[in-house]
Amino acid sequence: MPLTVFNTLSRSLEEFVPLDPGGNRVGLYCCGPTIHDFAHIGNFRTFVFADLVRRYLDFRGYGVAHVMNITDVEDKIIRRVRAAGTSLQTFTAPIESAFFEDMAALGCLRPHRTPRATEHIPDIVALIEKLVSRGLAYQAPDGSVYFSIEKYRGRGCHYGQLVKLNFDEMRPGERVASDEYAKESIADFALWKARTPEDGEVHWPSPWGDGRPGWHIECSAMSMKWLSPSFDLHLGGEDLMFPHHEDEIAQSEGAGLQAPGRHFVKYWLHAAHLLVEGKKMSKSLGNYFTLRDLTQKGFSGREIRFLLLSAHYRGSFNFTLGGLDGARSALARLDECLAKLRELAGGASAAPGEKLPDDFTKAMDEDFNVSRAWGLIFEWVAATNRALAEGSITAAKAAGLLAAWQRVDSVLGMGGKETVLDVPEKVTELLKQREAARKARDFQRSDALRNEMKALGWLIEDTPNGPRLKKA
Ligand SMILES: [Zn+2]
């Protein structure tokens with residue numbers, strides 16, 4: 001069974017086939033945070049989803065390159081830098097660190113590359129020069145450089161690949177300078193913004209005078225630089241579809257760096273909105289949560305990750321504090337089952353044949369159907385608990401079940417590494433010898449073996465169910 005994904009370009013499910021002729025390498029880009037403030041739980045839904053996709057592609061055997069940009073220069077950031085009376089770097093550095101702390105707390109693997117916009121100004125300028133030389137961008141009387149939608153469409157290029165646009169009202173040459181605008185105001189958008197007094201010290205030299213890049217061009221320049229002019233997967237929240245992603249396509253395909261017949265991005269995946277307590281998040285409604293707000297209420301990053309990963313990414317999801325309580329009890333059920341299995345498994349070698357990873361793969365192949373995957377996992381927990389109660393699970397079977405969970409958890413990231421002991425073969429062998437020595441009542445040898453294992457960093461706890469290994 002192939003992996004299928006819902007591609008926003010075609011608005012349909014498509015089989016995932018990497019651009020790599022070898023079928024192995026996959027380029028994955030997800031728009032990263034704008035570091036003007038702590039990220040909120042809605043932002044994290046997208047980042048946790050990107051982490052799930054990356055981990056699942058790894059699990060499926062692909063060689064993934066995961067890139068996420070850091071937008072460290074943009075309209076909102078500049079406003080805050082000015083309000084704080086500080087430098088761009090001094091303002092953004094602690095917010096960026098906090099962001100990566102939050103990502104780690106949520107169990108997200110760090111993307112392979114996290115390029116900052118301010119460290120790619122020459123790449124951005126080169127891309128704008130390319131667009132100017134191809135006649136698709138121009139410097140306006142205000143000194144800024146804009147992308148011409150009229151010229152782009154005149155070349156037979158399609159503006160409006162991700163969203164339906166109505167060009168009837170559009171007046172050619174009308175310009176929009178701000179990074180965020182509505183669909184109704186489709187207009188030429190800024191690639192390079194001429195320096196204004198409000199920018200303070202935030203500006204760089206360019207062929208068009210001092211200024212700073214627009215937000216959209218950052219992603220085109222950095223994704224194409226660190227992946228390739230054509231890459232497989234571009235992820236983001238659905239709120240970024242327009243104008244941000246539409247503009248990324250126009251800039252990247254307008255520069256004409258792709259091989260004939262190739263697009264900038266093969267598959268666009270968009271995560272739906274997150275509601276909090278049934279409403280759109282807003283500071284005035286009191287339902288605006290950063291990760292820190294939730295950890296201060298006593299919830300763990302793991303519980304929050306579980307809740308964010310409980311629903312399919314394309315469905316809008318209602319995140320509630322009650323849901324977090326539910327996440328806590330669900331995880332407790334899972335942990336209790338795993339603990340019993342660990343106790344039973346001791347250091348036994350895993351019996352093969354567990355089907356959980358295959359069932360999990362079938363569910364996840366359906367456009368990352370994680371809710372179905374969780375359904376299967378909790379059925380597995382219930383069946384395992386029944387078998388445990390009946391006493392019908394051998395040590396080898398328990399080890400096999402744990403190995404199956406660990407495999408699945410390499411995707412879910414619920415902390416399999418801590419909960420499942422990866423016992424070296426040597427230690428398993430010593431444990432067997434010690435059991436034999438104890439049975440033969442050779443306590444001197446049994447103690448010597450215990451010490452040998454201790455020297456390797458493993459302790460033995462003798463329980464009514466037999467010996468249990470612990471890391472020293
Ligand atoms: Zn982006």
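Domain 1 and domain 2 bury about 1,000 Å² between them, buried area being the accessible area (1.4 Å probe) that two parts lose on being put together, summed over both. Carbon and sulfur atoms give 69% of that area. On the domain 1 side, Leu 52, Tyr 56 and Phe 59 supply 61% of what is buried against domain 2, more than any other three residues. The model is a predicted one, with local features needing pLDDT of at least 70, side-chain atom pairs counting only at pLDDT 80 or more, and totals for chains, interfaces and linings using all residues. Numbering runs from 1 along each chain as its sequence is written, and side-chain values use heavy atoms, leaving out hydrogens and water.

As for the bounds, which come from an automatic or database domain assignment, domain 1 covers 19–137 + 150–162 + 219–276, domain 2 covers 320–418 and domain 3 covers 425–471. The centres of domains 1 and 2, taken over C-alpha atoms, sit 34 Å apart. Eight residues of domain 1 touch 13 residues of domain 2, where contact means heavy atoms within 4.5 Å.

There is one salt bridge between domain 1 and domain 2 (a side-chain nitrogen of Lys or Arg within 4 Å of a carboxyl oxygen of Asp or Glu). Asp 365 pairs with Arg 60 in a salt bridge, with the closest N and O atoms 2.9 Å apart. Helix H1 (residues 41–59) gives the most to the side of domain 1 that touches domain 2, namely six residues; helices (H or I, at least four residues) and strands (E, at least two) are DSSP runs, numbered from the N terminus.

Overall, the salt-bridge count comes to 30. One of them joins Asp 37 and Lys 283 at 3.9 Å, N to O. Asp 37 lies in the loop between strand E3 (25–30) and H1, and Lys 283 in the loop between strand E13 (279–280) and helix H8 (291–296), so this pair ties together parts 246 residues apart in sequence. Asp 37 is partly exposed, at 26% relative accessible area, and Lys 283 is exposed, at 56%; buried means under 20%, exposed over 50% and partly exposed in between (1.4 Å probe, protein chains only).

Within H1, Arg 55 and Asp 51 are four residues apart, about one turn of the helix. Their side chains meet in a salt bridge at 2.8 Å, N to O, and both residues are buried. In helix H10 (residues 321–345), Lys 340 and Glu 336 are likewise four residues apart, bridged at 3.7 Å, N to O. Lys 340 is partly exposed at 38%, and Glu 336 is partly exposed at 48%.
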